[in-house]
Amino acid sequence: MEETRRSRGRPSQFDAQIALETAMELFWAQGYEGTSMAELTEAMNINKPSLYAAFGSKENLFKLALEHYLKGSISFISAALQAPTAYEVVQQLLLNSARFLTQEDKPAGCMVNLGSLSCGKEAAPVQQVLIARRKQFEAALLQRFERAQAVGELTAGTQAADLAKYVATLHQGMSIQAASGASREALEALVNMVLANWPGKKAAELHLEN
């Protein structure tokens, strides 16, 4: 009888990965400051002491949720950067982003771009983390475009740094548009306009040369 009472009194097993996925989607949808501890504990089915014990703090939970997001939800970005040509990098990056940013079963927009665009002093460390991530993204584009420039893929006079900032800014703008209700089709039309005016050789042209 005593063992039965103990069994009934034990809490159900806590799944940290499921809780982290839940927190990620809340932060993704509402931003860091827009998501309260009460909302987190309710959605994660956990009380405050248990949340602190498992994740340390709201700020640390956000950082862990962000890492989870980067490794899973937007892993297509890393894959796009490995495409054979700069044109294909941008094609894959932006078309996949148009699909990703407008998924019906996920929050619209990008967690990195929208997680903390403006915030109070308490959220400043989170804002700096997101700014750093955006800078890393632009730096990765710059590195890729510099390689493209070195092998003659880009039109003479094209500045790799300007092109990287242009694509990064466009990607951020697409995120804001998606969060404002823009459809996948509307974003794809924008991407196709960018690709039609790409300042360099396309994959098909390089194939013909080779």
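Biologist: How do H10 and H11 run relative to each other, roughly parallel or antiparallel?
Modeller: This is a predicted model, so keep that in mind. In it, H10 and H11 are roughly antiparallel to each other. Their axes cross at roughly 165 degrees, and an angle over 145 degrees counts as roughly antiparallel.

Biologist: And how close do the axes of H10 and H11 come?
Modeller: They come within 11 Å. H11 covers residues 184-196, and H10 passes H11 in a right-handed crossing.

Biologist: Which residues of H10 and H11 make the contact?
Modeller: On the H10 side you have Tyr166, Leu170, Met174, Gln177 and Ala178. H11 brings Leu187, Leu190, Val191 and Val194. By class, eight residues of this contact are nonpolar, one is polar and none is charged.

Biologist: Okay, on to H7. At what angle do the axes of H7 and H10 cross?
Modeller: At roughly 15 degrees, with the axes coming within 10 Å. Because of that angle, H7 is roughly parallel to H10. H7 spans residues 86-101 and H10 spans residues 160-179.

Biologist: Is the crossing of H7 and H10 left-handed or right-handed?
Modeller: Right-handed. H7 makes the contact through Val90, Leu93, Leu94, Ser97, Ala98 and Leu101. From H10 come Val167, Leu170, His171, Met174, Ser175 and Ala178.

Biologist: How many charged residues are in the contact of H7 with H10?
Modeller: None; the contact has nine nonpolar and three polar residues. Leu170, Met174 and Ala178 of H10 are in the contact with H7, and Leu170, Met174 and Ala178 also belong to the H10 contact with H11.

Biologist: Let me zoom out. How many helices and strands does the protein chain have?
Modeller: The protein chain has twelve helices and zero strands. Of its 210 residues, 38% count as buried.

Biologist: How many residues does the largest nonpolar core have?
Modeller: It has 59 residues, and Tyr69 and Phe145 have the most contacts inside it. H7 gives the most to this core, with nine residues. As general background, nonpolar side chains tend to be buried together in soluble globular proteins.

Biologist: What is Tyr69 in contact with, leaving aside its neighbours within four places in sequence?
Modeller: Tyr69 is in contact with Met24, Trp28, Ile74, Phe100, Gly109, Cys110, Met111 and Val112.

Biologist: What about contacts across the whole protein chain: what share joins residues at least 24 apart?
Modeller: Among contacts between residues at least 6 apart in sequence, 67% join residues at least 24 apart.

Biologist: Last one: is Ala38 buried or exposed?
Modeller: Ala38 is exposed, because its relative accessible area is 52% and exposed means over 50%. Ala38 is in helix H3, residues 37-44.

How values were computed:
Residues numbered from 1 in each chain as written. Predicted model: local features only at pLDDT ≥ 70, side-chain atom pairs only at ≥ 80, totals over all residues. Heavy atoms only, no water. Axes fitted to C-alpha atoms, helices over the stretch in contact; angles between N-to-C directions. Helix = DSSP H or I, 4+ residues; strand = E, 2+ residues; numbered from the N terminus. Parallel < 35°, antiparallel > 145°, perpendicular 65-115°, else oblique. Left-handed = near helix turned anticlockwise from the far one by under 90°. Contact = heavy atoms within 4.5 Å. Nonpolar A, V, L, I, M, F, W, Y, C, P; charged D, E, K, R; others polar. Core = buried A, V, L, I, M, F, W, Y, C linked by side-chain atoms within 4.5 Å. Buried < 20%, exposed > 50% of the residue type's maximum accessible area, 1.4 Å probe, protein only.
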